[in-house]
Amino acid sequence: MQLGPYRLISRLGAGGMGEVWRAEDTKLLRQVAIKILPAALAADQEWKDRFLREARTIAQVTHPNIATIYAIDEIDDTLFIAMELIEGEPVSAMIARGPLIPLDAVRIAAHVADGLSEAHEKGIVHRDIKPDNILVSPRFVKVLDFGIAKHVGGTAESNLTQANMVIGTPHYMSPEQAMGRTVDRRTDLFSLGVVMYEMLSGKKPFTGEAVTETLLKIVTQDPIDIAIAAAMIPKALAEIVRRCMAKMPDHRFANCDQLRKALVRSLREDPNRARQSSVPTISLRKKSGPQQQADVQTRPEPRRFEPEPAPRAAVSARPHTPPERQQPPEMPPPPRPVMPAGPVEARATGDRALVADDDPTTRYLLTSVLQKYRIPVDEVDNGADAVKCLKEHQYSLIFVDLLMPRVDGWGVIDYVRNHRGTRSPRLFVVTGVQDQKLSAADQDVVTALLYKPVDVVEIERIVTA
């Protein structure tokens, strides 16, 4: 089935706002998710407006923990959104197998808090945070479905149905949402607290035989204490869940950044359990403002789950020297590539390389080989800093990961395509997708694909070519 430039491949699921399909963008040669509004609802202007609002709401937010929207269109009376295809497992499926270990629950909650923080800064409240709307893969955690999101502070009431109608999923609503009152960012914190409760205990905190009974319990009753429902969890984590689920919004965390800090500090990672985890680690973030010195403790970079380290430059001021990097004893550095005896001839003057990848092991291997051949290298862990480097320097070699925060690899490739000078760099796409496809336009810029885990021998072949 064809829908404009999109070839529908298989149906992924359906919900109150329509069907979701896996599809191929035949112009850009990439797979996407297509969300189609049912024909019966498309004829209803009120529902159509709500569907359009979902697309416009998501389009305002760009964050690695929020599914990216590519386009919205209407073809032959079929209204649809084209968005990022997320390959992963919903948290609801993980809970169905039993309670999550505290490490995984904290990691997931921290990622969700990061994504919500970005939305909240733009005045957008999700209002339907639940396990089905959180997707987990080894590379990322994504928040889905802003279909009932509300713009806080806007002049128009966001409910497009009856006035004061309760919208959301009953088990995860905040008390103020259940009563149809005004909501703000703290309603998402309550819902995330309910999700954490369920992840840790395997049970929903509020249940009833009817929706009204469930809503009444949310408003008037406290659930079984999380320390009892999920015995043996750290006291600090139990207190975080209690605070998120406070009946009064003023008694919760003020914002997602406060919640994230508390989560990071609540649990020390057991390296043995960390290696078994399928949930991605928490990304380190730079801090700013007067609280920086009070909040930051200097720790080795590979520790992803301790209080956040002092800020470090995103771009190396001199060639990368990984052998001098400190490592905690329980997480030894990856082995260095084997170096031949004797000095290596320096490369021609003017050679410079850019490595843009959010995976520290891949960056380490790439920069080690470049260092071996005396090639100055700038190392960044996100696409925005990669573009900044490209504005400031000329590069003969560029290694770009496709899945990076802030600006992804496709954005970096687009920048290179539009700003090539007289000497085009050799650009290598680093990807873990073994059947990665490139459009004709991309093939004109990209020299070759480099698959993860990267092979040191292949890197050396590229560098010396």
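Axes here are lines fitted to C-alpha atoms, for helices over the stretch in contact, and angles run from 0 to 180 degrees between N-to-C directions. Helices (H or I, at least four residues) and strands (E, at least two) are DSSP runs, numbered from the N terminus. The model is predicted: local features need pLDDT of at least 70, side-chain atom pairs count only at pLDDT 80 or more, and totals for chains, interfaces and linings use all residues. Residues are numbered from 1 along each chain as its sequence is written, and side-chain values use heavy atoms, with hydrogens and water left out.

**The chain as a whole**

The protein chain contains 17 helices and 16 strands. Of its 465 residues, 48% are buried, where buried means under 20% relative accessible area, exposed over 50%, and partly exposed in between (1.4 Å probe, protein chains only). The chain exposes about 22300 Å², of which carbon and sulfur atoms supply 52%; accessible areas come from the Shrake-Rupley method with a 1.4 Å probe, and for residues only the protein chains shown count as cover. Contact means heavy atoms within 4.5 Å. Among contacts in the chain with a separation of 6 or more, 65% join residues 24 or more positions apart.

| Helices | Axes come within | Crossing angle |
|---|---|---|
| H9 (residues 235-244) and H10 (residues 256-266) | 9 Å | roughly 160 degrees |
| H14 (residues 383-392) and H15 (residues 409-418) | 9 Å | roughly 15 degrees |

Angles under 35 degrees count as roughly parallel, over 145 as roughly antiparallel, 65 to 115 as roughly perpendicular and the rest as oblique. With axes crossing at roughly 160 degrees, H9 is therefore roughly antiparallel to H10. H14 and H15 are roughly parallel to each other.

A crossing is left-handed if the near helix is turned anticlockwise from the far one by less than a right angle, and right-handed if clockwise. H9 and H10 cross in the left-handed sense, whereas the crossing of H14 and H15 is right-handed.

In the contact between H9 and H10, Ala236, Leu237, Ile240, Arg243 and Cys244 of H9 meet Gln258, Leu259, Ala262, Leu263 and Ser266 of H10. These residues divide into seven nonpolar, two polar and one charged. In this grouping Ala, Val, Leu, Ile, Met, Phe, Trp, Tyr, Cys and Pro count as nonpolar, Asp, Glu, Lys and Arg as charged, and the others, Gly among them, as polar.

From H14, Gly383, Ala386, Val387, Leu390 and Lys391 meet Val412, Tyr415 and Val416 of H15. The contact of H14 with H15 involves six nonpolar residues, one polar and one charged.

Isoleucine 95 lies in helix H3 (residues 91-96) and is buried, with a relative accessible area of 7%. Leaving aside residues up to four places away in sequence, isoleucine 95 touches Leu100, Pro131, Glu198, Met199 and Gly202. Glutamate 198 is 103 residues from isoleucine 95 along the chain, yet their C-alpha atoms are separated by 7.4 Å.

**Backbone details in loops**

Most residues other than glycine have a negative phi, and most peptide bonds are trans. Aspartate 77, in the loop between strands E5 (69-75) and E6 (78-84), has a positive phi near 65 degrees. Its relative accessibility is 66%, so aspartate 77 counts as exposed. Arginine 374 also has a positive phi, near 60 degrees, and is found in the loop between helix H13 (360-372) and strand E13 (377-380). Arginine 374 counts as partly exposed, at 45% relative accessibility.

The peptide bond from lysine 452 to proline 453 is cis, with omega near -5 degrees. Proline 453 is placed in the loop between strand E16 (446-451) and helix H17 (456-464).
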